[in-house]
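Morning, everyone. Please have a look at it first.

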Amino acid sequence: MNSSTYTHLIASRRVGICDPMHQIGMWDDFSSSCPNTAATMILEVEKCLVDQIPIMDKRLDNETEETSHGTVGTSNRYEAETSKPIKKVLRRLAQNREAARKSRLRKKAYVQQLENSKLKLIQLEQELDQARKQGLYVGGGLDANQLSYSGTASSGTAAFDTEYGHWVEEQNRQTNDLRSALHSQIGEGELRIIVDGCLNHYFDLFRVKATAAKADVLYIMSGMWKTSTERFFMWIGGFRPSELLKVLTPHLEFLTDQQLQEVCNLTQSCQQAEDALSQGMVKLHQILIEAVATGRLGEGNYSRPQMGPAIEKLEALVRFVNQADHLRQETLQQMSRILNTHQAAQGLLALGEYFERLRVLSSQWATHLREPA
């Protein structure tokens with residue numbers, strides 16, 4: 001046996017390892033060179049295994065015993081530790097359930113918004129088809145300026161149409177937020193933020209309308225930017241405040257006697273202001289009739305100087321639209337002052353859903369007209 005082989009064998013015995021493949025290689029070398037040495041090597045390996053097996057068995061018994069004692073200690077620690085995070089786990093589960101619920105609400109709101117957009121698109125397509133059938137296009141005998149009332153707006157009203165379309169989408173989203181907030185019973189502070197956002201959204205519409213009225217007040221008065229059903233209920237370019245107070249008041253919960261009295265007084269004040277504006281509109285209407293009718297019979301002179309007085313009277317319509325929107329804004333502000341936060345949210349939700357129903361009714365009515373008799 002040479003020295004390197006002996007050293008390798010001694011190292012293997014020290015660590016309790018016998019490498020069979022390595023030993024087989026060594027046996028082949030030794031069997032080819034010195035057969036007697038190979039036999040001696042086999043005896044040495046057998047002796048190594050016999051010496052190491054008791055040691056390994058004893059070591060395994062010790063490790064098993066230590067593991068058994070360690071398991072008991074670990075089990076006790078585990079029981080003590082698992083009792084601590086129970087509240088944390090329950091709290092996390094509750095948070096997960098709340099997050100899932102909010103996700104479902106957002107998905108439902110998004111689907112509702114898509115449905116509303118689809119209905120509006122269908123309604124616009126139907127109105128365009130109806131306009132084409134009536135000949136309201138350039139080839140049908142009308143000039144380009146008149147097309148602003150048949151679906152193709154002028155530059156001033158086109159910008160308003162775009163902004164109003166975005167305004168309706170945002171109103172639908174805010175209505176869904178109000179609905180979700182009232183169902184989830186959120187804090188008053190968060191609810192107040194949503195209510196103020198909805199009020200400011202209406203005020204933004206009044207500012208945009210004031211700008212559009214300067215560009216083309218007749219377009220705003222005509223209501224062509226609204227659905228057909230909404231136009232049926234229009235009053236001086238928008239909703240009648242006293243009527244909407246009657247719409248939302250039944251949906252308000254737990255009104256005190258003082259609140260009921262203040263709402264009643266506000267309704268009466270709105271009606272009086274509406275009557276004054278309506279009388280002014282009737283007077284302006286009569287003045288316009290007289291201005292347009294002025295002229296000699298058969299003269300056929302419809303030039304700008306001839307129509308000048310009538311144009312000046314038409315500009316007075318801008319003030320009527322602005323005053324009507326001011327009355328609408330004041331009504332919303334007064335209602336917000338009379339009601340508490342929860343009641344104001346209920347009123348704005350009733351208002352938003354009322355407008356949504358009008359738009360849906362308009363779309364369904366248009367569909368009904370297209371159905372065969």
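This is a predicted model: local features need pLDDT of at least 70, side-chain atom pairs count only at pLDDT 80 or more; totals for chains, interfaces and linings use all residues.

Helix 6 and helix 11 are oblique to each other, because their axes cross at roughly 40 degrees and an angle counts as roughly parallel only under 35 degrees. Helix 6 covers residues 188-222, helix 11 covers residues 341-370, and their axes come within 9 Å. The crossing of helix 6 and helix 11 is left-handed.

Which residues make that contact? From helix 6 they are Glu188, Leu191, Arg192, Val195, Cys198, Leu199 and Tyr202. From helix 11 they are Thr341, His342, Ala344, Ala345, Leu348, Leu351, Gly352 and Phe355. Sorted by class, this contact of helix 6 with helix 11 has 10 nonpolar, 3 polar and 2 charged residues.

Take Tyr202 from that list. Apart from neighbours within four places in sequence, Tyr202 touches Leu348, Leu351, Gly352 and Phe355, and also Trp167, Gln171 and Leu332.

Next, the core. The largest nonpolar core has 57 residues. Tyr202 and Phe355 are among those with the most contacts inside this core, along with Ile220, Ile236 and Met335. Two or more residues each come from helix 5 (155-184), helix 6, helix 8 (241-248), helix 9 (257-293), helix 10 (304-338) and helix 11. Which helix gives the most? That is helix 6, with 13 residues.

Now a second pair of helices. Helix 8 and helix 9 have axes 8 Å apart and pack at an angle of about 155 degrees. The cut-off for roughly antiparallel is over 145 degrees, so helix 8 and helix 9 fall in that class. On the helix 8 side, the contact uses Pro241, Ser242, Leu245 and Lys246. Helix 9 supplies Leu266, Thr267, Cys270, Gln271 and Glu274. The residues of this contact between helix 8 and helix 9 divide into 4 nonpolar, 3 polar and 2 charged.

Last, a loop residue. Phe239 sits in the loop between helix 7 (228-232) and helix 8. Is Phe239 buried or exposed? Its relative accessible area is 15%, and buried means under 20%, so Phe239 is buried. Setting aside neighbours within four places in sequence, Phe239 is in contact with Phe206, Leu244, Arg328 and Phe355. Phe355 is also part of the contact between helix 6 and helix 11. Finally, Phe239 and Ala324 are 85 residues apart in sequence, with 9.0 Å between their C-alpha atoms.

That is the end of my part.

Conventions
Residues are numbered from 1 along each chain as its sequence is written. Side-chain values use heavy atoms; hydrogens and water are left out. Axes are lines fitted to C-alpha atoms, for helices over the stretch in contact, and angles run from 0 to 180 degrees between N-to-C directions. Helices (H or I, at least four residues) and strands (E, at least two) are DSSP runs, numbered from the N terminus. Angles under 35 degrees count as roughly parallel, over 145 as roughly antiparallel, 65 to 115 as roughly perpendicular and the rest as oblique. A crossing is left-handed if the near helix is turned anticlockwise from the far one by less than a right angle, and right-handed if clockwise. Contact means heavy atoms within 4.5 Å. Ala, Val, Leu, Ile, Met, Phe, Trp, Tyr, Cys and Pro count as nonpolar, Asp, Glu, Lys and Arg as charged, and the others, Gly among them, as polar. A nonpolar core is a set of buried Ala, Val, Leu, Ile, Met, Phe, Trp, Tyr and Cys residues joined through side-chain atoms within 4.5 Å. Buried means under 20% relative accessible area, exposed over 50%, partly exposed in between (1.4 Å probe, protein chains only).
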